[in-house]
Amino acid sequence: PPWIEQGFEFSAAPESRCGLLQGKNGPCGVLAAVNAELLAQKGCPPPSAAATEADLRAALAAILWRCASADAPAGAKESLQEVVLARWEGAVGGPIVTESFAADGAASVAANLAPLMPALRQKGGVVLLCYACVLTRGVEAVRADVALDNGSGPLIAGPHALCGTELMTLLMAGRARGNVGAYGQDGAKVTWREPSPFGLLSRDELETGVPLADPLKSPPLPVYVLHGGDHFTVAWVPLPAKERFEARVRALFASARGGGSGGDANSAAAEAVEAATAELQSAPPPPVTQGAVDLALWNGLPPARGLRRLRLRGVGDGVAPAAPAPPSLTPSHWRLSVGEVESVVQAAKEDKASLPAAWREHRYELSLVTKAVAEEDVASAPRPPDAPPPTLLPQGPPPAAGEVQPLGGPRRSWANLGESRRESRRISAT
């Protein structure tokens with residue numbers, strides 16, 4: 001299974017040395033969360049910056065410490081908390097052995113992680129991390145977290161063993177909550193979520209009209225896990241030299257001072273400055289483009305594995321906080337109607353080949369709402385009379401078994417109507 005085969009391994013490509021590799025579908029959410037934690041701790045470096053085992057160990061330790069200290073009072077986050085680590089008793093995929101210890105910060109967790117790093121980096125490493133996070137939080141506490149948002153588990157769901165929202169929030173916030181939106185079930189803004197070092201952006205915000213929680217859209221540093229519906233990747237804004245240096249010094253200083261390391265503040269500060277200086281010299285940041293924000297996007301999963309760069313214009317400086325969500329939820333999603341566009345599946349291959357840059361001239365495969373899908377949408381409120389009506393497209397007779405819909409009609413009007421795509425998206429969204 002993909003989860004058993006997956007460890008924490010960095011890209012060897014010179015342009016993406018801080019990106020984690022993924023072998024097969026399934027554990028992308030865990031990899032993206034760990035990668036985002038690492039990038040935030042390194043101060044949003046250029047993608048070519050080398051990531052070391054020490055960087056990975058610090059990121060894993062920070063995630064485990066959040067799971068251990070999530071319920072600690074705000075003024076007692078550095079009090080002793082129990083952390084549970086997991087390792088294979090023998091072969092990968094066999095029985096798991098656990099050990100626990102008392103920690104008073106991420107630094108002490110990192111020190112105890114050192115002997116387990118070879119197992120975490122090899123096959124099955126992501127499974128060991130998930131076990132450690134669940135057991136550190138506590139199985140009953142995880143179940144209680146999930147139930148708060150009317151969830152039922154499991155944390156890894158569906159026939160394709162995809163990473164669920166509850167597992168993502170356990171890694172990001174130390175609590176296995178299923179709601180990543182800005183509002184609770186009563187329509188009021190959520191207050192349980194503490195800021196994470198990195199954020200989350202999801203396609204679901206566009207599809208449901210419900211904004212994500214404010215801390216997820218405005219993290220301390222511009223590092224984001226991207227949720228595209230059925231896959232998690234990571235994106236960040238490589239910071240200029242000064243900002244990256246300052247962020248890295250803060251992270252290194254906090255790591256050295258946290259967890260009762262015994263070192264004095266001056267020594268920890270000097271070590272942090274020295275390490276950050278060496279990193280900055282080894283991987284200088286790219287030049288800043290005025291009036292634009294340059295993002296690095298990393299996808300570790302084949303066949304599209306690789307680093308992409310995205311330049312956004314007219315979006316501010318890319319570091320300023322996003323506008324907060326309104327105080328209460330204003331519905332923008334209404335009960336589905338037959339013939340409504342549910343999603344855009346893909347462009348016609350022949351159009352992409354003949355007109356590679358003219359996406360406005362392509363024909364597209366659409367997933368439309370059928371009668372069966374509309375009847376399932378009983379939870380959504382009916383569309384009020386004063387709301388704009390949806391665009392409805394006619395649906396012909398369903399194709400016979402095994403029949404392939406011909407590509408016809410004028411350009412930009414092609415629709416292949418089938419239930420299979422709708423079902424696939426619903427499974428992946430879990």
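Colleague: Where does Arg175 lie?
Modeller: Arg175 lies in the loop between α8 (165-173) and β5 (199-202); helices here are DSSP runs of H or I with at least four residues and strands are DSSP runs of E with at least two, numbered from the N terminus. This is a predicted model, in which local features need pLDDT of at least 70 and side-chain atom pairs count only at pLDDT 80 or more, whereas totals for chains, interfaces and linings use all residues. Residues are numbered from 1 along each chain as its sequence is written, and side-chain values use heavy atoms, with hydrogens and water left out.

Colleague: Is Arg175 buried or exposed?
Modeller: Arg175 counts as buried because its relative accessible area is 16%, given that buried means under 20%, exposed over 50% and partly exposed in between, with a 1.4 Å probe and protein chains only.

Colleague: What about His227, which strand is it in?
Modeller: His227 lies in strand β6, which covers residues 223-227, and with a relative accessible area of 11% it is buried. A polar atom of the His227 side chain lies 3.3 Å from the backbone oxygen of Gly229. Leaving aside neighbours within four places in sequence, His227 is in contact with Leu200, Leu201, Ser202, Arg203, Asp204 and Phe232.

Colleague: Changing topic, how many cavities of 30 Å³ or more are there?
Modeller: There are 3, a cavity being a set of points on a 1 Å grid over the protein atoms alone where a 1.4 Å probe fits but cannot get out, with lining residues having an atom within 4 Å of a point. Grid points are joined across faces, edges and corners, and the volume is the space filled by probe spheres set on them. The largest cavity holds about 90 Å³ of space.

Colleague: Which residues lie nearest the centre of the largest one?
Modeller: Of the 14 residues lining the largest cavity, Leu20, Leu31, Ala32, Phe232 and Gly300 lie nearest its centre. Two or more lining residues each come from α2 (28-41), β7 (232-236) and β8 (292-299), with the largest share, 4 residues, coming from α2. By class the lining of the largest cavity has 8 nonpolar, 6 polar and no charged residues; Ala, Val, Leu, Ile, Met, Phe, Trp, Tyr, Cys and Pro count as nonpolar, Asp, Glu, Lys and Arg as charged, and the others, Gly among them, as polar.

Colleague: How does the lining of the second largest cavity divide by class?
Modeller: The lining of the second largest cavity has 10 nonpolar residues, no polar and no charged ones. Its volume is about 60 Å³, and Leu60, Leu85, Leu113 and Ala132 are among the residues that line it.

Colleague: Which residues touch the most other members in the largest nonpolar core?
Modeller: They are Phe8, Val30, Val34, Leu60, Val109, Val223 and Trp236, in a core of 73 residues, and α2 provides the largest share of this core, 10 residues. A nonpolar core is a set of buried Ala, Val, Leu, Ile, Met, Phe, Trp, Tyr and Cys residues joined through side-chain atoms within 4.5 Å. A second, separate core of 6 residues includes Tyr224, Ala235, Val293 and Leu295.

Colleague: Now the backbone: which peptide bonds are cis?
Modeller: The bond from Gly153 to Pro154 is cis, with omega near 0°, and a cis peptide bond also joins Pro302 and Pro303, with omega about 5°. Pro154 is in the loop between α7 (139-148) and β3 (156-157), whereas Pro303 is in the loop between β8 and β9 (306-313).

Colleague: And what is the phi of Cys44?
Modeller: Cys44 has a positive phi of about 60° although it is not a glycine, and it is buried, with a relative accessible area of 0%. Asn150 also has a positive phi, about 65°, without being a glycine, but Asn150 counts as exposed at 59% relative accessibility.

How values were computed:
Polar contact = N/O pair within 3.5 Å; in protein donor to acceptor, adjacent residues only side chain to side chain. Contact = heavy atoms within 4.5 Å. 1 Å grid on protein atoms, 1.4 Å probe; cavity = no way out; pocket = protein on both sides within 12 Å on 5 of 7 lines; lining within 4 Å.
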